[in-house]
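Trainee: Could we go through this model together, taking the chains, the domains and the contacts in turn?

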Amino acid sequence: MRRQGFHGFVAAATTAALMLAACGGSGGGSEGSEDSTQTTSGGSEDQELGGKLVISNWDAYMPKNLIPSFEKKTGVDVEVAVHTTNEDIMGKIQAQSGSGFDLVFVSGQFVEPLVQQGWAAEVDPSQIANLENLYPEASELGYDPGNSHSVPYTWGTTGLCYRTDLVNAEPTSWDVFHDPPAELDGKMTMLGTDRWLLQPALLAEGASINSTDPQIIEEAASWTVEAKQNLLGFDDTTFYSKLVSGEASLVQAWDGWCNYGIAEDKNIEFVIPQEGSDVWTDTMVILESSQNKAAAHAFIDHVLEPKNGKAVAELVLYKVPNQPAMEKLDGKLVEQYPNLGIEPAELLQQEPVKEIGGDGLQLWSDAVAQVKGG
Amino acid sequence: MSSFKRFIPRAVLVGPGMGYWIVFFLAPIGLLLAYSFLERGPFGGVIAEFTWGNYPRLFDPLYLKVLLTSVRIALVATSIALLLGYPAAYFIANASKRWRVPLLFLVILPFWTSFLIRTYAWMVLLSPVGLINKALIGIGLIDDPLPLLYNELAIVIGLVYAYIPLMILPLFASLERLGGELREASADLFASPFESFRTITLPLTLPGIVAGCIFVFVPSLGNFIIPDLLGGGRKVMIGNLIQQQFLQARDWPFGAVLAIAVVVLMLLLLGVQAQVLRREQATES
C-alpha cells in the first residue's frame, strides 16, 4: 500500500525528511521520454501505436526502464504525472470530470467509485495478451471481480513487523496493541491512515475491515483509544526505521514496507496475525475519456510482461500478481524477504480493502478524530 | 491639483500589492467560506447544493475537545516563546550596533532550511535512542531514557523552536525603538532596575509583545506537521483535523468549517491586538 511518494532503504529519519520534502515538488518523472521520438523512427518490432499516453502514478513506483522500453517498443510518447495519495489523484480526476489522464494507478478500493462515476473504461482482454500471466486469484478480488475495469499491479497485506530480539514471544494476535506484554508497552506503533487505523480493532473483534455499522465502528474506536495508551505513536512513513533504531519493537506495517526494515536488520520479521488481515491491491485503471485506449492497453500488457513484473517486485519489494514474474524472482530475495513468498491463496483468505462511501466515510472520520483526539 | 492626479501614483504604488492580496488571500478565504456551506463531493470537492449542516458538527464534543486542546497547546507554546524571546530580544536590542545584525541574522537563520527537515532533526535529538538521551545516559545522569518524544512536551518544544523568531523580531523592533534614554532617566530618579522595567519598558513594548504573541499563537494553532511527527500522532491539533478532512475523509466542506473556525479565532485575536494598540495610543496622547 503506497501512501507517500517515496520508499526505499531509508534508515535515517532525516533522509526520510528530505524525501518527504522533495515529494511535494517532484513533477513528472518521465525519464527517457526525450528519446522517444528518435526511437519511433528507428522502427520497432511489434506494435507501432504512436500518439501520447498520460499516466499518473505514485513517485518511484516504477522501474526506471519500464517507460523508456515501452516507448521504444510502441512509439508512444509517455508523460508521467505523480500523485502522493489515492485521494490526490481522485481529486484531480474529479476536477476534470473524469478526464486528464489515460491511465492511473489507484488502490483497489478506489476502482469501484471510478466505475460508479463512469470514469473507468472497461478492460478489453483481447488487447492484453499478458493477462494470462496473472495468478487466477488476482481476478477474484472483491473490489472488481473479473478485473473488468482494472488490472492489479502489486498486492499484499498488512501485519505485524517486529524485532525478534526485542520480543519474548512471537506476536500472534492484533490484541497485542490492546494488551501488550510488558516488554512491548510503549514500544509499538500503529498506522495512522484512516483505513488502517481501525483495522487491528476490527480484526481483533472479528468484524469486517470495511464495516460501516455505527456500533461496530464505535467499539473499534474505543478499543483503539485504549490501545493508544500502549503505543509509542502513530506512524505511516518511518515505522520501519523506528524498528531498526530500536525505538519501537513491534509495528503495524504493510508487508512491503516491513521489507525496508528487514533490509537494515535481519532480526526483523513479518507475521499475519491469527485473526487475519486485509489484502490490498494497487491497480491500473484506464479512463473512459482516454483518446488512446489502445496505447493504454498496450502499456498494461507491457507491465504484465514477466521481466517487467519481476523488475517491479525487485524495486519496491512488494509482491506482484504476476505468476511467471514471481517465479523468476531470485530465491535469495524471497529468502531475505519471506513475505514476498506469501502465496496468492493465503492472500485471498484476507479481506479486500473496499470503498466505504458517503455516511460511512464520515462515521470513520469521526472515529479517527475520537482516537487521535482522545 | 485634481484628486484624479493624486489617484494615479497611489494606484500604481498600492495596486499590485492590493491585487496580490485580493487574489491570493481574500479569494481563497472566500472560497473556503463558500465551501463550508456546500454539500461534499464523493471524492473531495463540493457539490453545488446549499446546506447549513456542516456547522453543527463543529460543536460536537469530539471536535470541540480538539479545538480546546489546540488552543491550550498553542497558548503554552506562546507563553514559553515570550519568556524565552523577551530576554533574547532585549539583549539584541541593547547589544552594540556592530553585533545587532549578526545576532538578528542568527535568529532568522533556521528559516533557511526546510521546516520539515528541522522537525525531523528534533526527532533525532529527542528520540529515546537520540542524542540527548544518549548523552544523559552516557554521563550517568539517568539510567532509562527520558520520554522526550511523542508527547505534548515534544509538540511544545517543536512549536516554540519553530516560531520563536516570530516572537523575537517584533519584540526587538519595539525594544530598539524604545532606546535607553527613558531607562536612564528613571534610574536618575532612583527607580530600581525592576521598577524601571515594570513601569517603562514593559508597558511601552506591549504592542510588540502582543504582536509577537499573535505571530506565534496563530501558526502554532494551525500546525499539523509537528503534532504528527514530534507528537507521534497521539495528540491531534486543529491543523491535523483540517488536513485529515481534506486529504483522507474527503470532506472538504467540513474541513472548510474547521478552517473558518480558525480564521474567526484569529480575527478575534487581531481585535484584541487593535484594542491594545488603541489604548496605548490613547495613553500616549
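The questions and answers below concern this predicted model.

Trainee: How many helices and strands does the secondary structure of chain A come to?
Mentor: Chain A has 374 residues, and 61% of them count as buried. Among its contacts with a separation of 6 or more, 76% are between residues 24 or more positions apart. The secondary structure of this chain comes to 16 helices and 10 strands.

Trainee: What area is buried between domain 1 of chain A and domain 2 of chain A?
Mentor: The domain assignment places 4-155 + 280-351 in domain 1 and 156-278 + 354-373 in domain 2 of chain A. At the contact, 28 residues of domain 1 of chain A face 28 residues of domain 2 of chain A. The size of an interface is often given as the accessible area lost when the parts come together. Carbon and sulfur atoms give 56% of the area buried between domain 1 of chain A and domain 2 of chain A, which is about 2,500 Å².

Trainee: Which side chain meets that of A:K319 in a salt bridge?
Mentor: The pair is joined N to O, at 2.7 Å, and a salt bridge needs a side-chain nitrogen of Lys or Arg within 4 Å of a carboxyl oxygen of Asp or Glu. The partner of A:K319 is therefore A:D255.

Trainee: How many salt bridges does the rule find across the interface of chain B and chain A?
Mentor: The contact takes 34 residues from chain B and 41 residues from chain A, and B:F43, B:Y120 and B:R234 lose the most area in chain B, together 25% of what that side buries. The two chains bury about 3,100 Å² between them, with 56% of it on carbon and sulfur atoms. One salt bridge joins the side chains of A:D366 and B:R57 at 2.8 Å, N to O. Across the interface of chain B and chain A, the rule finds two salt bridges.

Trainee: Is B:F24 buried or exposed?
Mentor: B:F24 lies in helix α1 (residues 3-35) of chain B, and is one of the residues that make a nonpolar surface patch of about 1,100 Å², which also includes B:W21 and B:F25. Because its relative accessible area is 56%, and exposed means over 50%, B:F24 is exposed.

Key: Residues numbered from 1 in each chain as written. Chains lettered and ligands numbered in written order. Predicted model: local features only at pLDDT ≥ 70, side-chain atom pairs only at ≥ 80, totals over all residues. Heavy atoms only, no water. Patch = residues over 30% accessible without salt bridge, like charges linked within 9 Å, V, L, I, M, F, W, Y side chains within 5 Å. Areas by Shrake-Rupley, 256 points an atom, 1.4 Å probe, with all protein chains shown as cover. Helix = DSSP H or I, 4+ residues; strand = E, 2+ residues; numbered from the N terminus. Buried < 20%, exposed > 50% of the residue type's maximum accessible area, 1.4 Å probe, protein only. Contact = heavy atoms within 4.5 Å. Domains from an automatic or database assignment. Buried area = accessible area lost by both parts, 1.4 Å probe.
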